[in-house]
Amino acid sequence: MRLFLGEKVHYLPGARRVAGFLLFGLLAGCGGGGGGDSASQTQISTHAIAFSASGPSEAAPAAQSFTATFGKDVVQLSVVHSGDAIASVSSVLNGGSAEITVVPATPSAIGPGAFVGAVAVTGYNCADTTCSRLAAGSTATVSVSYQISPTVLSVAPYLVASGVSDTVIVRGLGLRAFNVTGVRFGDTAATSFTVNTTGTELVATYPALPAGDHLVHLDATNHTGPIPASVALKVRDPVGYAAAALDHLPATTAARTLVYDAERQALITVTDTPPSSSLVRYQYADGAWGAPTQVANSALDAALSADGTQLFSISATAVVTNDPVTLAQATSVDAPSLATNSFLKNIVVGYDNRALITTSLTTSGATQGYLYDPPSGIILQNGIQLNNATPAMSANGAGAVLSQGDPTLTSDVPVYLYSTPTNELNTSTVSLRQNDVVPALNRSISRVVLNGTRVYDGSFALLGTLPDTTAAVVLKSDGTRAYTYDRAAGGILVYDISVDRDEAAYTALGPVQPVAADPGTGLRMAITPDNGTLFVVGSARLLVQPTPAL
């Protein structure tokens, strides 16, 4: 606790002034301890003041005042305050009374919690006719309490499927400042939750919820009144997409990325479509996919923000913020200190809405990566150089896996892990040279597939392998199934990766699932939050495929 001591001294005109640096105890000794007749008594209009703020980012509440009255006119007034709750105290003395104003601390300065303070008021009278000595009256004290509520900042993933229980990560401030005894989604209690040691996030398990927007509520026994709630977990019913083949715009030669916007039932791709690469969007409505809309902006990759309100894309040299519906550009920030012949390559977004950006060279070599912070609009180098790294972010935004390498390398290089809570990159226990298949991981990162063939658990122990003919792969959210597009089979294959095969090959469950058309080369895959639909995009077209029930 910090201790704030402030003393306001007032004099009446014509009275003998006593040096302002005299200690409180010395002043009190001039005329006794304040327990004398009624003329020396200090009366106050209240004995307690309470402040509150709905969160640490809110403005400080208005100052509050109280009145002190004395048995007779005083020549000097002492007002002393202490405690984290109080920023400052001022007073105005008028003969036999004074108005004291208490200014609370700014919420951002002390953070969430229950804080206390006190204001002590003492009046001094002349102890003799010449006022050569002062007599202290009684001291009256006002207690000050100040409640700054904890704040929920975000929930990840922000959109989940109805009717299914799972976990989400709730980010906030001051989650340990109060005794949190429950988490609710709307009126439905979480079945369990755990708060991290810093009080900045908790992991909550929600039961099967109906479709709708469910505010995330925190319950705390030592918080006065309800804790304010403003962040909602969006729950949506599964959409029964039928199998379909969606054509690219004319002259498209490649697809670089595939984003499924579950909130708006839309697909967003980055394609090489003359005269430059483009953001392309397909909207689903009234049981059918509409014609693609395009914005040519030299995009190389794209990812939705953590709350789905923005689309971040990258060009070779800049991070661009786009509207997720119109694709219109809002802002553009240039990456600082790009190495010669290097360019931005891939972007993924964590649950804190910070974007991890990898870079590449026109030739072989390691280049500096970046972190983009949208609120500040700042792009920072992340301090790690990687060779042509390809990241994949978990659906809950807690972390990413990055494979790296290029065809000129003759030895394996480390696979890296990105931790969203710390915004740090560290090597894993695995080394390899990446191929064209993007890493795949499930929602909680308990399963990871690298190079489309090697299946690992969350500790990067090799469990088994998938066929070398795997051209793309996505995982079921719980990590029990791998769905692959197999080049040799010409369709979708399903594997049970919940079991440890002791590094042996997995066997496909059931026959190959045929698709409506050949997607082409350079494949990317995505899966709906309810695991009910697969999307495959390649150089030829975009495929929509119901997930095999295996």
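Contact here means heavy atoms within 4.5 Å. All views are drawn from a predicted model.

**Figure 1. Surroundings of V102 and the largest nonpolar core.** Leaving aside neighbours within four places in sequence, V102 is in contact with I49, F51, A63, Q64, F66, I86, S88, V89, V119 and V144. The largest nonpolar core comprises 27 residues, and V102 is among those with the most contacts inside it, together with F66, I100, V119 and Y146. At least two residues of this core come from each of the strands β2 (48-53), β3 (64-70), β4 (76-82), β5 (86-94), β6 (97-104), β7 (113-126) and β8 (134-148). The most is given by β8, which supplies 5 residues. Another core, of 22 residues, lies apart from this one and has V155, V160, L218 and L233 among its members.

Figure 2. With a relative accessible area of 2%, L175 is buried, because buried means under 20% relative accessible area. Once neighbours within four places in sequence are set aside, the contacts of L175 are T151, V170, V180, V195, G199, T200, E201, L202 and L218. A288 lies 113 residues from L175 along the chain, and the C-alpha atoms of L175 and A288 are separated by 44 Å.

**Figure 3. T200 in the loop between β14 and β15.** T200 is located between β14 (192-195) and β15 (201-206). The relative accessibility of T200 is 34%, so this residue counts as partly exposed. Beyond neighbours within four places in sequence, T200 is in contact with V170, R171, G172 and L175. V152 is 48 residues from T200 in sequence, and the two are 9.1 Å apart in space, C-alpha to C-alpha.

**Figure 4. Lining of the second largest pocket.** This pocket has a volume of about 230 Å³. Its lining consists of 15 residues, of which R171, Y351, D352, T420 and N423 lie nearest the centre. Strand β11 (residues 166-173) gives the most to the lining, with 3 residues. Sorted by class, the lining residues are 5 nonpolar, 5 polar and 5 charged.

**Figure 5. The hairpin of β28 and β29.** Strand β28 (residues 342-349) and strand β29 (residues 355-361) run antiparallel and are joined by 7 bridges. Within this pairing, I347 has I357 in β29 as its bridge partner. The two strands form a hairpin with 5 residues between them, and N353 in the turn has a positive phi of about 70°. Of the 8 residues of β28, 7 are buried, so this strand is largely enclosed by the rest of the structure.

**Figure 6. The largest cavity.** A search of the whole structure finds 1 cavity of 30 Å³ or more. The space in the largest cavity amounts to about 50 Å³. Its lining has 13 residues, with T358, T359, T367, G369 and L386 nearest the centre. Two or more lining residues are given by each of β29, β30 (367-373) and β31 (378-386). The lining contains 6 nonpolar and 7 polar residues, and no charged residues.

**Figure 7. The open sheet from β36 to β43.** In this sheet, 5 strands follow the order β36-β37-β38-β39-β43, and the pairing is mixed. Strand β39 (residues 462-465) pairs with β43 in the parallel sense over 2 bridges. A504 in β43 is the bridge partner of G464.

**Figure 8. T484 in strand β41.** Strand β41 (residues 481-486) contains T484. This threonine is buried, with a relative accessible area of 0%. Apart from neighbours within four places in sequence, T484 is in contact with L466, T470, A472, V473, G491, I492, L493, Y495 and M525.

How values were computed. Residues are numbered from 1 along each chain as its sequence is written. This is a predicted model: local features need pLDDT of at least 70, side-chain atom pairs count only at pLDDT 80 or more; totals for chains, interfaces and linings use all residues. Side-chain values use heavy atoms; hydrogens and water are left out. A nonpolar core is a set of buried Ala, Val, Leu, Ile, Met, Phe, Trp, Tyr and Cys residues joined through side-chain atoms within 4.5 Å. Buried means under 20% relative accessible area, exposed over 50%, partly exposed in between (1.4 Å probe, protein chains only). Helices (H or I, at least four residues) and strands (E, at least two) are DSSP runs, numbered from the N terminus. On a 1 Å grid over the protein atoms alone, a cavity is a set of points where a 1.4 Å probe fits but cannot get out, and a pocket is an open set with protein on both sides within 12 Å along at least five of seven lines; lining residues have an atom within 4 Å of a point. Grid points are joined across faces, edges and corners, and a volume is the space filled by probe spheres set on the points. Ala, Val, Leu, Ile, Met, Phe, Trp, Tyr, Cys and Pro count as nonpolar, Asp, Glu, Lys and Arg as charged, and the others, Gly among them, as polar. Two strands pair if DSSP finds at least two bridges between them.
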